[in-house]
Amino acid sequence: MTLLVLLRPLLGALAGLVFGIGLVVSGMSDPAKVLNFLDVLGAWDPSLAFVMGGAAATTFVGYRLAWRRARPLAMPAFDVPRTQAIDAPLLSGAALFGMGWGIGGFCPGPAWTALPLMAPGTLAFLPAMLLGLWLGGRAKGLPAFHAAPSRP
Amino acid sequence: MPPVVPTEFTPFASLAGGVLIGLSAVMVMALFGRIAGIAGVSRGALGMTPVDGAGDWGWRIAFVAGLLAAPLAVTAATGASVQQTVSGNLPGMAVAGLLVGVGTALGSGCTSGHGVCGLARLSVRSLAAVLTFMAFAAATVLVLRHVL
């Protein structure tokens, strides 16, 4: 495990690169394609169903192979969410996220891959998203949401 | 809303890209034992949520760097620029960004965390999140494009 531990940043960058290339190749990095996917009654482009299907099926199989080991290759232990509650923070957060996704056509991954292309809309979206990620984490701690501590 | 930009149906490229996204999610689980949710990875990378020491922080910041390098790598490999149409309505995009950030932090996941990794884990909680954000996203586009 020692060598892989030393290589952690490199392996992390490689995983991010593969993820990002997947976003670009699939078309998910293009907000126009995302918005057309969501526009079921209009200019519907069903491509993103193939992205989600391909990704979820690959992950379904790969996770089961990865979990055959007692621990991950480059960290001491698996850390998988145990929360199962379908609660107010989950549903209200998902609703707010859906609205933002429907307005801008960006979810968090494509917002990052869009940054080097420097479109003005991206430069407005990304800092606001990062502010929102911080605010949303704070909001989850409010008494209004009796949310258990959770990991994304 | 910007004018509707027509896009081509690309089942094969989209499936191939989806498989790459899945491979990355599997790498993150096999190597680091973590969920490859970009909202959560970003929060960890930027110090917004505690992580399990420097080792758990380093791969996250490197992962984000990999995401940033991806369009440049694709352009270098294919010679073609990455096709993208981003709305030029800057206040609208800022509002969208804020909603996406708050929503994914509050809801503990985004398209990748709940959509890809959560569904692959057969998590009912993630399924509820996915159905909710899909419904709200489609309803938002419906209102912006066909009602207003």
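**View 1. A salt bridge between Asp87(A) and Arg125(B).** Asp87(A) and Arg125(B) form a salt bridge in which the closest N and O atoms are 3.5 Å apart. Asp87(A) lies in the loop between helix 4 and helix 5 of chain A, whereas Arg125(B) lies in helix 6 of chain B, so the pair joins two chains. The model shown here and in the views that follow is predicted. Asp87(A) is partly exposed, with a relative accessible area of 21%, while Arg125(B), at 7%, is buried. Leaving aside neighbours within four places in sequence, Arg125(B) is in contact with several residues of chain A, including Thr83(A), Gln84(A), Ala85(A), Ile86(A) and Leu90(A), and also with Ser108(B).

**View 2. The interface of chain A and chain B.** In this interface 111 residues of chain A are in contact with 106 residues of chain B, and the two chains bury about 9600 Å² between them, 76% of it on carbon and sulfur atoms. Between the chains there are 28 residue pairs in polar contact, counted where both residues have pLDDT 80 or more. On the side of chain A that touches chain B, at least two residues each come from helix 2 (8-26), helix 3 (31-38), helix 4, helix 5, helix 6 (108-114) and helix 7 (120-140) of chain A. Helix 2 of chain A supplies the largest share of that side, with 18 residues. Across the interface there are 3 salt bridges, and one between Arg145(B) and Asp39(A) has its closest N and O atoms 2.8 Å apart.

**View 3. Salt bridges within each chain.** Over all chains the structure holds 7 salt bridges. In chain A, Asp45(A) forms a salt bridge with Lys33(A), the closest N and O atoms being 2.7 Å apart. Asp45(A) lies in the loop between helix 3 and helix 4 of chain A and Lys33(A) in helix 3, so the pair ties together parts that are 12 residues apart in sequence. Both Asp45(A) and Lys33(A) are buried. In chain B, Asp52(B) forms a salt bridge with Arg34(B), with 3.7 Å between the closest N and O atoms. Arg34(B) is buried, with a relative accessible area of 4%. Arg34(B) and Asp52(B) also belong to a network of salt bridges that links them with Asp79(A), Asp56(B) and Arg60(B).

**View 4. Aromatic pairs that cross between the chains.** Over all chains the count comes to 9 aromatic pairs. The ring centres of Phe50(A) and Phe9(B) are 5.6 Å apart and their planes stand at 65°, so this pair is edge-to-face. It crosses from helix 4 (residues 47-66) of chain A, where Phe50(A) lies, to the segment before helix 1 (11-32) of chain B, where Phe9(B) lies. Phe50(A) is partly exposed, with a relative accessible area of 31%, and Phe9(B) is likewise partly exposed, at 41%. Phe97(A) and Phe133(B) form another edge-to-face pair, with 4.8 Å from centre to centre and 65° between the planes. Phe97(A) lies in helix 5 (residues 88-104) of chain A and Phe133(B) in helix 6 (residues 124-147) of chain B, so this pair also joins two chains. Phe97(A) and Phe133(B) are both buried.

**View 5. An aromatic cluster, and a charge over a ring.** Phe19(A), Phe32(B), Trp59(B) and Phe63(B) form one aromatic cluster. In chain A, Arg64(A) lies over the face of Phe60(A), at 3.9 Å from the ring centre.

Notes:
Residues numbered from 1 in each chain as written. Chains lettered and ligands numbered in written order. Predicted model: local features only at pLDDT ≥ 70, side-chain atom pairs only at ≥ 80, totals over all residues. Heavy atoms only, no water. Phe/Tyr/Trp six-rings, centres within 6.5 Å; stacked < 30°, edge-to-face > 60°. Helix = DSSP H or I, 4+ residues; strand = E, 2+ residues; numbered from the N terminus. Buried < 20%, exposed > 50% of the residue type's maximum accessible area, 1.4 Å probe, protein only. Lys NZ or Arg CZ within 6 Å of the ring centre and 35° of its normal. Contact = heavy atoms within 4.5 Å. Buried area = accessible area lost by both parts, 1.4 Å probe. Salt bridge = Lys/Arg side-chain N within 4 Å of Asp/Glu carboxyl O. Polar contact = N/O pair within 3.5 Å; in protein donor to acceptor, adjacent residues only side chain to side chain.
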